[in-house]
Structure formats: C-alpha cells, structure tokens
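Subject: Structure handover

Hello,

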Amino acid sequence: MEPIALLQDKKIVLGVTGSIACYKAVDLASKLTQVGAQVDVIMTAAAQQFVSPLTFRSVTGRPVFNDMWALDEHVRHVGLGETADLLIIAPATANTLAKLAYGLADNLLAVTALAARCPILVAPAMDGGMYQHAATQANVASLQARGVRFAGPAEGRMASGLSGLGRMLEPEQLFAEARLILAEGGVLNGRHVVVTTGPTREALDPVRFISNRSTGKQGLAVAQAALDAGARVTLIAGPINEPLPLGAEVVAVETTEQMGKATCGAIGDADVLFMVAAVADFTPQSHSERKIKKTETDDWGLAIGLQPTLDILSAVKTTRDKTGFPRVVLGFAAETHNAYEYGRDKLLRKGLNFIAVNDVLAAGAGFAVDTNRVLLLSSAGVVEEMGLLSKTAVAERLVHHVAKALNGPIPSV
Ligand code: CTP
C-alpha cells in the first residue's frame with residue numbers, strides 16, 4: 001500500500017481481544033503500518049489464545065503490550081492512552097464491551113481505554129446471538145452515549161456455523177472507518193464538497209454508446225483527499241470500475257444529462273465543486289430503441305448525427321449567480337496543445353475560480369494512469385505548476401489550494 005499523508009506518524013493503539021476474528025486484526029495492523037501509522041498493539045490474555053504477540057510484532061515492527069504488571073515502563077496504560085490519536089478495539093468481545101461499559105480496569109486494554117483521551121472505535125465480534133442479547137445491547141448503547149464509535153458487526157456466517165449478526169467487519173472497512181475518524185477536524189471540516197468523476201455515456205442504441213477514455217481515477221483521488229481533509233463529500237460518478245472511497249455519498253449516473261441533474265441537485269449548500277468528470281460533449285441526435293443492424297445501413301455505411309450535450313459548468317454558473325453556491329468551483333481542462341491559453345479561456349468562459357489544466361498527451365498524464373501533470377490557474381494567473389505527481393498528490397494539492405481560498409480571498413471569476 002502507498003503511504004497516506006493523513007496517517008503519517010499517527011499513533012494508533014489497537015486493542016485485540018479474544019475472538020477468532022483476531023486473524024483479521026493482524027491484517028488491519030499491517031495495513032495501518034504500511035500506510036505510515038505507528039501501531040501499538042495491546043492484547044488480552046484471551047486474544048493470545050488465538051494469535052501470538054509475535055504475529056503482531058512482525059507486522060507492526062513494534063513491541064506488543066499484554067502485561068499490566070510489566071516493570072519495564074512507568075504507568076504504561078496512561079502513556080499509551082494519552083498519546084494516541086485513535087484507539088481501535090478490534091475484535092471486541094462481549095466481555096470487553098461489558099468491561100468498557102462499566103469502567104472495569106482489570107487488564108491493560110481496559111485500563112488504557114479508561115485513560116484514553118482520543119476517539120475510540122470498536123469493532124464487535126461475537127457468536128451465537130450474543131450481540132443481540134439485551135445485556136450486550138445495553139452496553140453498546142451506554143458506550144455510544146459516551147461517544148464511543150462502533151463499526152459493525154456485520155451479518156453472515158460465524159465460527160460456530162450459525163448465521164447472524166456478529167461478524168467483525170473486514171479489515172479494509174475498519175481501515176476506512178479509522179481514516180474517517182482521523183480526518184475529523186481537517187482543513188475542510190464542516191464543508192460540503194461535491195466531486196464529479198469518470199466519463200459519461202451517450203447511447204446510440206441499446207448496445208452501443210459514445211464515451212471517452214476516462215477511468216475516474218483523478219476524481220476519486222480528489223474525493224478521497226476531501227474526505228481526508230474532513231469534508232462531507234458527494235461523489236457523482238459516471239460509469240467507472242475503480243473502488244469508491246468509503247464515507248462519500250455516491251450518486252451513480254450514466255449520461256451527461258443525468259450528471260448535470262445530479263450536480264445541480266447537490267450544489268445547493270456546497271462549499272466546493274470539483275468538476276473532474278470527462279463529460280461527453282456530444283450525444284446522438286436520435287436514439288434507436290432497437291439494435292441498429294448492419295443490414296439497415298447502405299453502401300455508405302452508417303452516418304450518425306451528433307448534437308452538443310448540456311454544458312454542466314454553464315448550468316452551475318447560472319445557479320451560482322443566483323444563490324452564491326458553490327462558493328468555489330474548480331474545473332478541469334483536458335487539452336492536447338496550448339494548455340495555458342485554452343485553460344485560461346475555459347476558466348473565464350465557464351466562470352471558474354480555478355482550473356486544473358492537464359495535457360492529456362504528456363507522458364504520465366491523462367487517462368488510465370496513476371500520475372498526472374497539472375497546471376493550476378486562477379483568474380490571477382498561475383497558482384501552481386505541478387511536475388509529474390501521483391493523482392493522489394495532485395488531489396491533495398488541489399484540496400490545499402481550495403481550502404486556502406475558502407478561508408481567505410476567493411479568486412474572482
Ligand atoms: N464540462 C462540463 N460539461 C460539459 C463538458 C465539460 O461541465 N458538457 C466540464 C468538465 O467537467 C471540465 C470542464 O468543463 O471541468 C472542461 O472540460 P473539457 O472537456 O476540457 O472542455 P470542453 O468544455 O468540453 O471544451 P473543448 O472540448 O472545446 O475543449
């Protein structure tokens with residue numbers, strides 16, 4: 001996994017309690033470590049029946065804590081709990097939930113949870129209807145009332161062979177939940193950000209369409225960067241095959257018209273619109289309800305008349321002139337030549353605060369690659385000329401500039 005800026009050097013304490021789901025906690029510890037977090041694992045005695053401390057030590061590269069009475073460090077529980085950015089308890093058994101709810105302090109994890117000053121994320125794992133038992137539910141409710149976050153459990157097959165509610169969430173889901181919590185209070189905290197991404201498709205008949213090479217990678221990276229900055233994100237996505245960031249409200253669309261409707265519907269209270277989508281500019285003048293057969297064409301082949309689609313940014317401009325929302329609009333420009341001139345012209349014509357121009361023919365830029373070369377312009381001129389960067393890094397730079405504009409003078413349109 002690539003390093004993630006938000007998680008660099010974040011101190012995460014991972015409490016592991018006695019459940020077969022311990023093996024998934026190893027993967028979670030590994031993922032968090034790989035992206036740059038410092039992960040300190042505390043295991044209960046029961047957890048060590050399932051997985052050895054050496055396993056966690058091997059993936060985190062750090063000592064594993066399991067002994068409240070060890071003499072090698074002064075008041076360890078206070079140290080771990082006070083300095084952590086996040087305490088995750090995964091898997092959390094019914095027994096540990098009960099201890100946390102009542103404030104018991106008879107092992108290192110329970111004591112650390114009492115001493116913790118950071119957010120606590122709990123991923124319950126239990127079999128045989130234990131999660132739904134009134135006692136467990138009362139403990140969950142009392143912990144939630146005190147601000148403890150819960151992720152899961154999920155429904156499905158459990159170790160006993162029974163099926164029901166009690167499976168621990170998968171490591172990648174817990175990873176995403178932890179990421180959302182760590183993002184709280186970021187530079188876009190409390191902001192609503194709308195991002196469009198991917199291509200749009202215009203149908204010729206039920207089996208054929210006009211579209212473009214966009215894979216949605218850059219827009220997805222922008223949505224993730226906005227989430228990492230603490231924003232509430234609405235992601236309007238054309239047809240794409242990439243994994244979607246957890247935490248965004250996703251609106252799936254196909255045509256330019258649908259994307260336009262979804263965008264205009266989402267910007268009513270938006271602070272920012274990142275219009276990253278590679279919108280299809282033309283749509284067939286007529287659409288056949290049935291497949292167009294080769295036998296229906298003449299010797300000249302098939303002539304398709306095209307008409308322009310809705311220019312979404314122009315529609316946004318009309319709304320914005322009336323309402324003032326979105327406060328900041330950043331468009332993209334896909335160019336193959338004269339990037340600066342065409343970019344500047346589009347910025348002014350479409351009433352944008354910023355335009356991110358990319359030369360889609362440049363090496364390492366454009367569609368279906370993980371890198372990009374972007375020239376960011378505002379009406380005042382060049383904001384930043386980025387060299388070859390990952391699409392993630394480009395997205396983080398764009399979020400940085402937009403957040404700065406929201407807090408200071410917004411470049412005029
Ligand atoms: N865009 C839009 N609606 C369209 C086409 C594009 O809102 N029907 C947006 C894109 O999402 C992007 C910006 O306009 O943010 C510029 O898109 P681009 O394809 O570079 O420019 P076009 O407007 O299509 O102009 P041209 O094809 O002449 O370059």
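This is a predicted model: local features need pLDDT of at least 70, side-chain atom pairs count only at pLDDT 80 or more; totals for chains, interfaces and linings use all residues.

Residues are numbered from 1 along each chain as its sequence is written, and side-chain values use heavy atoms, with hydrogens and water left out.

The elements that give two or more residues to the shell are helix 10 (312-323) and strand 17 (328-335). Both are DSSP runs numbered from the N terminus (helices H or I, at least four residues; strands E, at least two). Strand 17 gives the most, with four residues.

There are 15 residues around the ligand, each with a heavy atom within 4 Å of it. M275, A277, F332, K346 and K350 come nearest. By class, the shell has nine nonpolar, two polar and four charged residues. Asp, Glu, Lys and Arg count as charged; Ala, Val, Leu, Ile, Met, Phe, Trp, Tyr, Cys and Pro as nonpolar; the others, Gly among them, as polar.

A polar backbone atom of L310 is 2.9 Å from a ligand nitrogen. For I312, a backbone N or O atom lies 3.0 Å from a ligand nitrogen. For A334, a backbone N or O atom lies 3.0 Å from a ligand oxygen. Taken alone the ligand exposes 570 Å², and the protein buries 78% of that. Areas come from the Shrake-Rupley method with a 1.4 Å probe.

Helix 5

Helix 5 (residues 108-115) is mostly covered, with seven of its eight residues buried. Buried means under 20% relative accessible area (1.4 Å probe, protein chains only). N107 caps the N-terminal end: a side-chain oxygen lies 3.1 Å from the backbone nitrogen of L109.

D271

D271 is found in the loop between helix 9 (256-266) and strand 14 (272-275). D271 is buried, at 7% relative accessible area. Its side chain makes polar contacts with the side chains of R191 (3.4 Å) and R327 (2.8 Å). A polar contact is a pair of N or O atoms within 3.5 Å; within protein, one must be able to donate a hydrogen and the other to accept it, and residues adjacent in sequence count only if both atoms are side-chain atoms.

Best regards

Definitions and conventions
Buried means under 20% relative accessible area, exposed over 50%, partly exposed in between (1.4 Å probe, protein chains only).
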